[in-house]
Each structure stands twice: as C-alpha cells, then as structure tokens.
Amino acid sequence: MSALIELKDVTKIYGGNFLSKENQTIAVNKATFAIEEDNPRIVTIAGESGSGKTTMTRLLLGSIRPTTGEMYYRGKDFRKLSRKERRQFQLDVQPIFQDPFESYNPFYKVDHVLHAPIKNFKLARSKDERDELVNESLRLVGLQPDETLGRFPHQLSGGQRQRIMVARALLLKPRVILADEPVSMVDASLRATILDSIQTLKDDLGITIVYITHDLTTAFQISDDILIMYRGNVVEHGDVERVIHNPQHAYTQLLIESIPQPDPDKRWGELVRATGTDIVNAGRQRDIFGIEPGQEQEYDEVEPNHWVLKSVSPEEEEAAPEPVESAST
Ligand SMILES: Nc1ncnc2c1ncn2[C@@H]1O[C@H](COP(=O)(O)OP(=O)(O)OP(=O)(O)O)[C@@H](O)[C@H]1O
Ligand SMILES: [Mg+2]
C-alpha cells in the first residue's frame with residue numbers, strides 16, 4: 001500500500017543562482033516524509049520562525065516544486081501525473097490558510113468563498129445540489145447556514161471565519177488538510193475552537209491533519225506525531241509523547257525548556273540568535289546544534305516511533321572549520 005503523499009530527500013532552496021551560493025536559503029533540507037491514507041493522524045510540524053514549516057506544507061501541497069528530490073502522489077511521480085490525477089490531488093489535499101480571507105476580496109460574501117470551489121471543480125449539477133453541499137459542510141464545522149450565509153467576512157468573528165475556511169476545504173472531501181496556524185489570531189478561545197474542529201476532522205471524517213505551529217503545548221494536546229524543524233532540517237520526529245517527554249536533540253530540548261516562558265516565540269528566537277552561527281551564508285560552517293548546511297538527514301531510532309537526526313560524522317567534524325561565534329548578528 002503506497003502513501004498518499006511521499007517526499008523523498010526533498011530540498012527546497014530559495015535564492016542564489018548557478019554561479020553563486022551566496023544568499024541561498026535552504027528552506028527545507030533533504031526531507032523524507034510520508035502521509036498515509038488509511039491511518040488518519042494529526043501531525044504537527046513545529047519549529048521557530050523561518051525553520052521551513054510553511055515551505056514544507058507548500059511542498060506537500062504541490063504549490064512549489066522541490067529543488068532536488070522526489071515527490072510521489074499515490075505512488076506516482078508528482079511530475080508525471082495525468083490531468084485527471086492532478087485534479088484528484090487538488091481535491092485530496094486542502095490547505096487552510098494562515099490568514100483566512102486574506103486571499104479573498106473583502107467585498108465578496110461568504111457564499112462566494114464557498115461557491116467558488118464547487119464551480120471550479122464542477123461538484124454540483126444544480127443550485128439545489130450546490131446549496132445542499134454548502135449547508136452540509138457548514139454543519140460539519142458547527143456553523144448554522146442561516147447565520148452565516150449572506151454575510152461579509154468582516155461581519156463574522158475570527159473563529160467563524162476560520163471555520164468557514166475549514167468548511168470550504170471540506171466541500172472537496174479531502175484526505176489531508178494542511179493547517180498553518182493563524183499566528184495573528186491566537187486568543188485562547190479561538191485556539192480551542194480550531195483545535196476542536198481539527199480533532200473532529202480526524203475522528204469523524206478520517207482526515208489526516210498536518211498542523212503547523214510554534215506552540216508545543218497545543219501540539220502535545222492534539223497531535224499523534226510531531227516533526228521538529230530547525231533551519232530546514234527535521235531534527236527529531238515521531239510519537240508526540242515520546243518526543244516531548246524524552247527529547248534527544250539539543251534543539252528540541254531547547255524548545256521544550258522554553259515552554260514555560262511567557263513569550264515562547266520570542267524566547268526561542270533570542271536564544272538561537274544569541275548563540276547560533278549564521279548557516280545561511282556560512283558555507284559549510286556548523287552551528288551550535290552540530291548542524292551543517294545541506295547535511296545528510298540520517299536518523300537514529302532511539303525508541304519505537306522516535307527518531308533523532310544524526311550529527312555529522314566525527315571524520316567530517318575534524319575536517320570542518322571551527323564554529324564561529326556570531327553573537328553580533
Ligand atoms: N519565496 C521565498 N524566497 C526566498 N526565501 C524564502 C521564501 N519563502 C521562504 N523563504 C525563506 O525560507 C526559510 C523558511 O521559510 P518558511 O516560510 O518555510 O518558515 P516558517 O517556519 O513557516 O516560518 P514562520 O513560523 O515565520 O511562518 C526562511 O529563511 C525564509 O526567509
Ligand atoms: Mg510559516
């Protein structure tokens with residue numbers, strides 16, 4: 001049984017050119033990752049700002065192409081999909097955007113946002129059928145159609161808008177939903193709402209959720225598996241309980257230590273900036289976490305379903321230049 005989506009050794013590099021590696025950013029480095037179809041999971045991708053989380057989701061969505069490496073959809077090379085297979089992929093894998101409605105004209109009513117995909121994918125043969133689909137989707141996310149339709153986005157609460165984006169995704173009967181956490185809207189009640197609906201999607205509809213967050217506490221609450229990203233590398237992954245209770249990688253340990261801080265995002269950023277070296281422009285220089293730009297992604301299985309990235313081999317370590325302190329940047 002092949003995976004629904006599979007990344008093999010996928011790298012995404014931004015910037016630079018054929019002549020120069022200057023200003024290159026390895027946004028995702030040699031990621032190998034699969035989403036199974038028959039085993040719905042909630043998978044969290046966590047890591048500080050700029051670690052490559054959104055890039056990873058955009059790769060999984062097929063909206064950007066890997067610089068190197070392979071991607072498969074139902075076992076088939078993504079580049080070789082037929083028109084029909086590509087259409088099915090676009091139904092199977094749905095994003096929920098970081099800023100709901102950001103991509104929509106504010107003068108369109110909610111109805112438009114929901115009708116558009118139905119029209120695009122020709123999912124209904126009549127107005128009645130279309131309305132039926134819309135109502136069903138709204139109810140799945142706990143919204144009353146008559147209290148939602150006919151309104152403009154600004155006439156709804158943040159939580160309602162978020163639910164509409166989920167309802168919109170559900171119209172297409174996806175197998176996977178990729179949810180990039182709305183960083184701009186993090187009040188506690190909204191977060192609870194989102195988490196609630198994510199759990200329902202998995203339990204009731206058998207949909208796998210890839211949930212992107214900075215927040216390890218929520219990740220721990222809702223997910224089955226977790227991937228910890230650090231500067232494009234998946235440094236540790238596996239069962240969420242095992243990774244959080246028994247973190248092996250220095251970076252994961254740092255993240256977990258910073259959880260009780262009042263502003264964890266800020267704290268991580270500060271810590272890393274204060275002690276890390278700039279791997280983006282530093283050639284083969286390694287940073288405090290023993291990570292070298294573009295290094296191989298090999299893992300030790302420390303316990304069942306818990307893997308940690310191997311650091312570069314001791315031979316290479318000797319050959320590599322001394323890490324340079326860059327506390328000034
Ligand atoms: N289109 C682009 N062109 C150039 N560099 C990019 C582009 N998109 C992302 N990057 C860089 O790639 C790296 C990873 O970015 P990405 O958006 O994946 O991070 P992220 O983990 O989602 O961060 P955040 O938590 O802030 O959303 C960053 O260094 C970013 O500056
Ligand atoms: Mg992001």
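Reader: In which helix does Asp196 lie?

Author: Asp196 lies in helix 7, which runs over residues 188-205. The model is a predicted one.

Reader: What makes Asp196 buried, exposed or partly exposed?

Author: Asp196 has 15 other C-beta atoms within 10 Å. A buried residue needs 20 or more, and an exposed one has 12 or fewer. The count for Asp196 lies in between, so Asp196 is partly exposed.

Reader: How far apart are the C-alpha atoms of Asp196 and Val141?

Author: They are separated by 9.6 Å, while the two residues are 55 residues apart along the chain.

Reader: Why is Val166 called buried?

Author: Val166 has 24 other C-beta atoms within 10 Å. The cut-off is 20 or more, so Val166 counts as buried. Its place is in helix 6.

Reader: Which residues does Val166 touch, not counting those up to four places away in sequence?

Author: Val166 touches Ile96, Val141 and Ser197. Val166 and Pro95 are 71 residues apart in sequence, and their C-alpha atoms are 8.8 Å apart in space.

Reader: How do you know whether Ala169 is buried or exposed?

Author: Ala169 has 24 other C-beta atoms within 10 Å. Being buried takes 20 or more, and therefore Ala169 is buried. Ala169 is found in helix 6. Leaving aside neighbours within four places in sequence, Ala169 is in contact with Gln94, Ile96, Pro174 and Ile177. The C-alpha atoms of Ala169 and Val93 are separated by 8.9 Å, although these residues are 76 residues apart along the chain.

Reader: Why is Pro174 called partly exposed?

Author: Pro174 has 19 C-beta neighbours inside 10 Å.

Reader: Where does Pro174 lie, and with which residues is it in contact?

Author: Pro174 lies in the loop between helix 6 and strand 7 (176-180). Leaving aside neighbours within four places in sequence, Pro174 is in contact with Leu91, Asp92, Val93, Gln94, Ala169 and Ile207. Pro174 and Pro95 are 79 residues apart along the chain, with 9.7 Å between their C-alpha atoms.

Reader: What makes helix 3 and helix 6 roughly parallel?

Author: Their axes cross at roughly 20 degrees and come within 9 Å. Angles under 35 degrees count as roughly parallel, and therefore this pair does. Helix 3 covers residues 110-120 and helix 6 covers residues 158-170. Their crossing is right-handed.

Reader: Which residues meet in the contact of helix 3 with helix 6?

Author: From helix 3, Val110, Val113, Leu114 and Pro117 meet Ile164, Ala167 and Arg168 of helix 6. By class, this contact has 6 nonpolar, no polar and 1 charged residues. Arg counts as charged.

Reader: Which residues have the most contacts inside the largest nonpolar core?

Author: They are Ala167, Val176, Ile177, Ala179, Ile209, Val210 and Ile228, in a core of 67 residues. In soluble globular proteins, nonpolar side chains tend to be buried together. Leaving aside neighbours within four places in sequence, the contacts of Ile228 include Ala46, Gly47, Val243, Tyr251 and Leu255.

Reader: What is stated about the phi of Lys122 and of Arg74?

Author: Lys122 has a positive phi of about 50 degrees, and Arg74 has a positive phi of about 45 degrees. Most residues other than glycine have a negative phi.

Reader: Why is Lys122 called exposed and Arg74 partly exposed?

Author: Lys122 has 8 C-beta neighbours inside 10 Å. The limit is 12 or fewer, so Lys122 counts as exposed. Arg74 has 15 such neighbours, which lies between that limit and the 20 for a buried residue, so Arg74 counts as partly exposed. Lys122 lies in the loop between helix 3 and helix 4 (127-140). The place of Arg74 is in the loop between strand 4 (68-73) and strand 5 (76-77).

Reader: How many helices and strands are there in the protein chain, and what share of its residues count as buried?

Author: There are 12 helices and 12 strands. Of the 329 residues, 37% count as buried.

Definitions and conventions
Residues numbered from 1 in each chain as written. Chains lettered and ligands numbered in written order. Predicted model: local features only at pLDDT ≥ 70, side-chain atom pairs only at ≥ 80, totals over all residues. Axes fitted to C-alpha atoms, helices over the stretch in contact; angles between N-to-C directions. Helix = DSSP H or I, 4+ residues; strand = E, 2+ residues; numbered from the N terminus. Parallel < 35°, antiparallel > 145°, perpendicular 65-115°, else oblique. Left-handed = near helix turned anticlockwise from the far one by under 90°. Contact = placed C-beta atoms within 7 Å. Core = buried A, V, L, I, M, F, W, Y, C linked by C-beta atoms within 7 Å.
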